[in-house]
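User: I would like to learn how to read the features of a protein model. Can we take them one at a time?

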Amino acid sequence: MTHLPTHTLDATHDPQLSSWVASANRPDSDFPIQNLPLGVFRRGNEPARIGVAIGDQILDLAACHRHGLFTELPSDLVVALGDTTLNRLLALGRPAWRLLRQHLSALLRHDAPAQTLAADILIPQAQAELLLPATIGDYTDFYASIVHATNVGSMFRPDNPLLPNYKYVPIGYHGRASSIVVSGTPVRRPNGQTKAPQAVQPQFGPTRRLDYELEVGVLIGPGNALGEPIPIAEAEQHIFGVCLVNDWSARDIQTWEYQPLGPFLAKNFATSISPWIVTLEALAPFRTPAYPRPQGDPAPLPYLFDPADQAGGGIDLTLEVWLTSQQMRAQGIAPLRLSRGSFREMYWTIAQLVAHHTSNGCNLRPGDLLASGTVSGPAREARGCLLELTWRGEEPISLPTGEQRRFLEDGDEVILRGWCERPGFRRIGLGECRGMILPALE
Ligand code: CA
């Protein structure tokens, strides 16, 4: 496999570069020509196909192929781009991904001849149904924010909030791929077993402590053969890009079921992801050093330590959670921002997650999803779930309607947003990840 550095800047990152798609040049667009995230969409009854978000439009790659715009690309890449999921493209690896980025940038730049085909190759995002970008074979959820781990730990174990393994082991658990849904899919309040502290027996019924978790997802590229760990220095070669993840969680079910084997039905009823995968190439200008470990913390063990990862394994990605209630929408009140945090503050880098996951020989496959765990920072406003924001419901949040929230109510819609900005570069965004809560089944 050819290894390419993931932090290289080139002409595709030039902040002066503009597109013939006018909406992409608006300063507040998540999808300028410097971004070029990939996803899968469908219009009406037409077949699903791969597209690229550009401004408020989608570049339809199947249509580009029909118009002969891919004749310079290698045939395996062209075949992958004609598929109905990103999996084949994910398997091709970074050299193909980089070639594709160069090609898409050239097709969409302000002076590209392809603009004469705009009516045939562009589809307004408003007319498209966005689908899951890949067939996700396996899903693993980590716990990479030390602030989140400490906050949650202190609620359950006030004297001993952070377990002794935390600073050595990137903690994770195997999630459920079958219930991963794309942004916009409603989420039904789950039923489950809960037990009030004083109750003699548990009861079965709708969760009363439904929560979101603000996370970042990593979509895996080529992956590794069973038994062959991915060394940390190569880990980013296996990361195609990132998206937003909402790991919906039923806290009362979780509290009763989680010991001794960890989360199960409290988490696997739904996980929402944003539809557009922002590539590591697009994120190159926004890479930062790994989280600086406080004095006295152990260094990562050698298999999790790589100088390049320490120097640039972080991502300066701002993340927000917004909420609307049914009443807010009925009264025409705009969504309320609940929190804002940064992915920079995660204790483990995405490369460390990949290296750790495969360190025992476990194989990752194209289209696997790794999620970071709740992104929480030290500031109160940077807490990435309601469990932390309302401190187990003890400090409710007031909505503009006068309603209060300890946990999510039916009709609430949670909106995750994420973007990167840095002086001298064009701001890029991850778009949105939305989900509205439906009442539990009787
Ligand atoms: Ca989680």
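Predicted model: local features only at pLDDT ≥ 70, side-chain atom pairs only at ≥ 80, totals over all residues.

User: How many residues of α4 are buried?

Analyst: The general idea comes before the count. An α-helix has 3.6 residues a turn, so residues three or four places apart point the same way. Now the case here. In α4, 11 of the 15 residues are buried, so the helix is largely enclosed by the rest of the structure. Among them are Arg94, Trp97, Arg98, Leu100, Arg101, His103 and Leu104. Ser105, Leu107 and Leu108 are also buried.

User: Next, sheets. In what order do the strands of the open sheet run?

Analyst: Strands of a sheet pair through backbone hydrogen bonds, either parallel or antiparallel. In this model, 5 strands form an open sheet with mixed pairing, in the order β9-β26-β25-β20-β21. Its edge strands are β9 (187–188) and β21 (336–342), each of which pairs on one side only.

User: How many bridges join β20 to β25?

Analyst: There are 7, and the two strands run antiparallel. β20 holds residues 318–324, and β25 holds residues 413–420. For a landmark, find tryptophan 322: isoleucine 415 in β25 stands opposite.

User: On to charges. How many salt bridges does the structure hold?

Analyst: Side chains of opposite charge can pair when their charged atoms come close. The structure holds 27 salt bridges. In one of them, glutamate 129 meets arginine 42 at 3.2 Å, N to O. That pair links distant parts of the chain, strand β5 and strand β1, 87 residues apart. Glutamate 129 is partly exposed at 40% relative accessible area, and arginine 42 is partly exposed at 28%.

User: Are glutamate 236 and arginine 287 buried or exposed?

Analyst: Glutamate 236 and arginine 287 are buried. Their side chains meet in a salt bridge at 2.6 Å, N to O. This pair also joins distant parts of the chain. Glutamate 236 lies in the loop between β13 and β14, while arginine 287 is in strand β18, 51 residues apart. Elsewhere, salt bridges that share partners join Asp211, Glu213, Asp247, Arg251 and Lys267 into one network.

User: What about arginine 109 and aspartate 111?

Analyst: Their side chains form a salt bridge at 2.8 Å, N to O. Arginine 109 is partly exposed, with 30% relative accessible area. Aspartate 111 is partly exposed too, at 45%.

User: How many disulfides does a search of the whole structure find?

Analyst: The search finds 0. The cut-off is 2.5 Å between cysteine sulfur atoms. For cysteine 385, the nearest cysteine sulfur is that of cysteine 433, 15 Å away. For cysteine 420, the nearest is that of cysteine 243, at 13 Å. Cysteine 385 is buried at 0% relative accessible area. Cysteine 420 is buried as well, at 0%.

User: Last, the surface. Which residues make the nonpolar patch of about 270 Å²?

Analyst: Tyr168, Leu301 and Tyr303 make that patch. Tyrosine 168 sits in the loop between α6 (146–156) and β7 (172–174). Its relative accessible area is 39%, which counts as partly exposed.

Note on methods: Residues numbered from 1 in each chain as written. Heavy atoms only, no water. Buried < 20%, exposed > 50% of the residue type's maximum accessible area, 1.4 Å probe, protein only. Helix = DSSP H or I, 4+ residues; strand = E, 2+ residues; numbered from the N terminus. Patch = residues over 30% accessible without salt bridge, like charges linked within 9 Å, V, L, I, M, F, W, Y side chains within 5 Å. Areas by Shrake-Rupley, 256 points an atom, 1.4 Å probe, with all protein chains shown as cover. Salt bridge = Lys/Arg side-chain N within 4 Å of Asp/Glu carboxyl O. Pairing = 2+ DSSP bridges.
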